Amino acid sequence: MATSINTIPQSAAKIRDALQATFRSGLTRPIAWRQHQLYQLARLAQNERELICDALKKDLGKPRTEVLMTEVGRIIETAMKSAEQLPVWAKTEYPEVADWQKPWKPTVYKAPRGTVLIFSPWNYPMLLIFQPFMGAIAAGCTAVLKPSELAPAFSQLLDEIMPKYFDPNVYRVVNGAVPETIKLLELQWDYILYTGNDKVARIVARAAAKHLTPLTLDLGGKSPVIIDSAYDIDLAAKRILWGKCNNAGQTCVAADYVLVQRDKQDELIKAFQKYYDSFFPNGALDSPFFGGIVSDLHHTRLISLLSRTKGEIVLKGRSDAARRRLEPTIVKNVAEGDSLLEEEVFGPVLPIVPVDSFKQAVDFVNARPRPVVLYVFSDNESIKQQVVSETQSGGIVFNDTYQQLAVNELPFGGVGESGYGYQVMKYTYDTFTQLRSSIDMPREAEPHLAIRYPPHSEEAVRALTAVVHSPIPSSRL
């Protein structure tokens, strides 16, 4: 059941309290129960796919194939895999310990954190609400889902379809905007996961700190591309442009700008033009394979960035403000201080920053906030290792863009300004799971424990502090 709490006094607390009561009842603990909920999530995605495609077409102009591939299909796949693998993830662990500690039965239980709050953004409305939700289900938590008000058609659809598949006493959707968000953040939660921009993330983090609530922040930033001058420029352009065109560039892992050696810039632009013509023979403005911009505000923002750039627009995308459409646009000779380097572009605009060496490209990246992903095109293994050792980013991808999201076994997350915490399948399960350590001291151990009780004899002191005198191996650099 979805609820707007703006018009219902104290309903935020009532919703939270009801979910906490369900959690304390133990309903969500059995593994088989959690597996059923995960399969229900897969059924929801499969059964309601046409309604989901329609909603995302209204909100974002998303092509149907893109929705089925990047959102619906991904949720079906990962929900079923999570259900299958859950018994292994949730298995109680018995760590290897010294023989004299084995009778204590050292144990690590996998405990659900409790009642959690999940915020999702507008750019992948289905994927980024259900991906963390999946982890909360798998961990045995109850949850409130807060979708973005900037994707109103999908948020309303979520309101309608969730009760068909899930018990509203376990999982609730809360729709609304800033007032609803504020009311939710005033409450204590057992965990918060927020996906979105850094400005709101700071508000969420401050609210969480008030209650000492742990949280994951899945943000974004300006994800750069570095192209080694020895790499196949034509192939690099093809793969970069394809990744940039997904969701019209409104993706936290979209290539934000390209660093290429100055004498290779024109070759790169020529290749971009070639593949743009190949992908969209009649242009992208009316193409069924290219999405729209989420809102008038964001469309205006992108046009403003382009109007203020000092770079040269070499692939000028057409714009249709009435339909919130903007074709891919390439800008060359973008320099330090340009409007296109001020903030995350988050749209189908790609600046090219020419550099004089690979080292200059690395230095350029390191002088800026750490991105959620760094893309590098190179066949040179020493260059790859140089980038791994000399840069920081949430992830690093060699010789492609965007496709890393297809690998479910890799953790996804940022570092520093691009966020913290990890997601995707087991990593999302781990996010919503507490590792609960335990020992069970047997009565029979008492004779061996006698030495710990005061008063301590000199012999007891020597035994209790023996480790202080352990020989330390010699080492030198």
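Q: Which residues does Ile240 touch, leaving out residues up to four places away in sequence?
A: This is a predicted model, so let's start from a single side chain and look around it. Contact here means heavy atoms within 4.5 Å. Leaving out residues up to four places away in sequence, the partners of Ile240 are Val225, Ile227, Ala255, Val258, Phe272, Leu350, Phe377 and Thr401.

Q: How many residues of helix 5 are buried?
A: Helix 5 runs over residues 127–139, and its 18 Å reach from first C-alpha to last is close to the 18 Å expected. To count as buried, a residue needs under 20% relative accessible area. Helix 5 is largely enclosed by the rest of the structure, because the buried count is 13 of the 13 residues.

Q: What is the volume of the largest cavity?
A: Counting cavities of 30 Å³ or more gives four. For the largest of them, the volume is about 170 Å³.

Q: Which residues lie nearest the centre of the largest cavity?
A: The lining has 15 residues, and helix 5 gives the most to it, with three. By class, the lining splits into nine nonpolar, four polar and two charged residues. Nearest the centre are Leu127, Leu128, Cys252, Leu405 and Phe412.

Q: Is Ala248 buried or exposed?
A: Ala248 sits in the loop between helix 9 (233–245) and strand 9 (257–261). Its phi is near 55°, a positive value in a residue other than glycine. Its relative accessibility is 0%, so Ala248 counts as buried.

Q: What is the phi of Phe346?
A: Phe346 is in the loop between strand 13 (329–332) and strand 14 (349–355). It counts as buried, because its relative accessibility is 16%. Though Phe346 isn't a glycine, its phi is positive, at about 50°.

Q: Which residues does Leu302 touch, not counting residues up to four places away in sequence?
A: Leu302 belongs to helix 11 (residues 296–308), and at 1% relative accessibility it counts as buried. Not counting residues up to four places away in sequence, its contacts are Ile293, Leu326, Val345, Phe346, Gly347 and Pro348.

Q: How many Å apart in space are Leu302 and Ser357, C-alpha to C-alpha?
A: In sequence, Leu302 and Ser357 are 55 residues apart. In space, C-alpha to C-alpha, the distance is 30 Å.

Q: Is the peptide bond from Pro454 to Pro455 cis or trans?
A: Most peptide bonds are trans. Pro455 lies in the loop between helix 15 (446–449) and helix 16 (458–464). The bond from Pro454 to Pro455 has omega near 0°, and it is cis.

Terms used
Residues numbered from 1 in each chain as written. Predicted model: local features only at pLDDT ≥ 70, side-chain atom pairs only at ≥ 80, totals over all residues. Heavy atoms only, no water. Helix = DSSP H or I, 4+ residues; strand = E, 2+ residues; numbered from the N terminus. Buried < 20%, exposed > 50% of the residue type's maximum accessible area, 1.4 Å probe, protein only. Expected span 1.5 Å × (residues − 1). 1 Å grid on protein atoms, 1.4 Å probe; cavity = no way out; pocket = protein on both sides within 12 Å on 5 of 7 lines; lining within 4 Å. Points joined across faces, edges and corners; volume = space filled by probe spheres on them. Nonpolar A, V, L, I, M, F, W, Y, C, P; charged D, E, K, R; others polar.
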